[in-house]
Amino acid sequence: MHKAGFVNIIGNPNVGKSTLMNALVGEQLSIITHKAQTTRHRIMGIVNGDDFQIVYTDTPGIVTPHNRLHEQMMGFVGTALADADLYLLVTELGEPPKNTQVLQRIKQATIPTLVVINKIDLSNQAEIASKIAHWQQEIPRAEVIPCSAAEHFNLDTIFHTILRLLPAHPAYFPKDELTDRSMRFFVSEIVREKILLLYQKEIPYSCEVAVEAYEEHEDIDNISCLIFVERESQKAILIGHQGKAIKKLGTEARRDIEEFTGKRCFLSLHIKVLKDWRNSDRALKSFGYNLDD
Ligand SMILES: Nc1nc2c(ncn2[C@@H]2O[C@H](COP(=O)(O)OP(=O)(O)OP(=O)(O)O)[C@@H](O)[C@H]2O)c(=O)[nH]1
Ligand SMILES: [Mg+2]
């Protein structure tokens with residue numbers, strides 16, 4: 001019997017959803033940073049076996065929308081709630097139990113659910129036991145598994161539980177497929193990850209990255225990226241004194257892109273001001289946030 005299904009990873013910001021998906025898939029598909037709202041898209045990672053196909057979906061952390069971008073991000077969470085064969089609800093130990101709408105929907109659904117208590121490397125047995133009891137009571141039909149995505153602890157248990165809960169179904173995608181995303185997407189995400197890591201406060205949240213040109217050659221790729229910001233003042237911050245900040249950004253992004261593609265890369269970065277893009281449906285659509293696709 002062949003099993004296949006959509007395992008949608010859902011949870012609050014910063015709990016380790018992307019870390020967990022990357023660890024389960026064994027590839028750095030989703031960017032990870034210590035900042036909330038790192039993931040903005042729905043990203044698929046596929047794990048194939050002879051008689052199974054697990055299609056993971058990483059989603060943005062649940063937030064109360066303050067702009068159209070947030071609304072689109074929460075739209076991805078909504079889709080993930082609607083089309084899952086299995087919910088993988090990621091929580092972390094220190095997280096206060098929030099009674100969000102999403103949690104209510106998961107509680108009321110009948111879809112098999114796996115609650116993952118992540119970051120147990122930061123905890124102790126007593127605390128873990130009380131969290132397991134809490135979630136067991138909160139969602140009685142769920143299986144609750146503590147783990148550390150960062151330290152790859154207990155991922156095997158998660159994997160085998162998913163396999164057990166997966167429905168009988170033929171594969172949804174060709175068996176050699178790893179993700180639904182293109183190299184262009186991963187390049188733009190790597191640049192965005194570096195922006196999140198190198199700049200402070202509102203800057204990363206005001207940036208969007210688009211790949212303008214991607215030329216592949218035998219031994220080197222020529223990639224040009226456009227970074228959109230909301231205001232002139234942000235452009236100046238991105239560039240930094242004597243261009244030092246953007247140079248550092250370019251170097252660090254290039255290194256990771258080369259690691260990802262396994263090839264040398266020439267990366268050029270350009271900055272453009274696009275006023276209030278986070279509230280412009282047209283801009284958001286051009287950045288791939290439209291839900292209809
Ligand atoms: N100590 C510890 N830290 C972890 C673990 N898993 C993830 N982290 C850290 O938690 C932070 C957030 O991880 P992400 O995977 O980006 O979290 P996320 O839920 O995808 O965040 P958003 O996309 O912003 O919603 C990063 O600094 C990770 O390194 C873990 O098992 N233990
Ligand atoms: Mg994430």
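E92 lies in strand β4 (residues 86-92), where helices (H or I, at least four residues) and strands (E, at least two) are DSSP runs numbered from the N terminus. The model is a predicted one, in which local features need pLDDT of at least 70 and side-chain atom pairs count only at pLDDT 80 or more, whereas totals for chains, interfaces and linings use all residues. Residues are numbered from 1 along each chain as its sequence is written, and chains are lettered from A and ligands numbered from 1 in the order in which they are written.

E92 counts as partly exposed because it has 19 C-beta neighbours inside 10 Å; a residue is buried with 20 or more other C-beta atoms within 10 Å of its own, exposed with 12 or fewer, and partly exposed in between, the C-beta atoms being placed from the backbone. Apart from neighbours within four places in sequence, E92 is in contact with V15, G16, N118 and K119, contact denoting C-beta atoms, placed from the backbone, that lie within 7 Å.

Strands β4 and β5 pair in the parallel sense over six bridges, pairing requiring at least two DSSP bridges between two strands, and E92 stands opposite N118 in β5. Strand β5 (residues 113-118) is largely enclosed by the rest of the structure, because six of its six residues are buried: T113, V115 and I117 cover one side, and L114, V116 and N118 the other. Strand β5 is also joined by four bridges to strand β6 (residues 143-146), with which it runs parallel, and I117 stands opposite P146 in β6.

Technical notes:
Contact = placed C-beta atoms within 7 Å.
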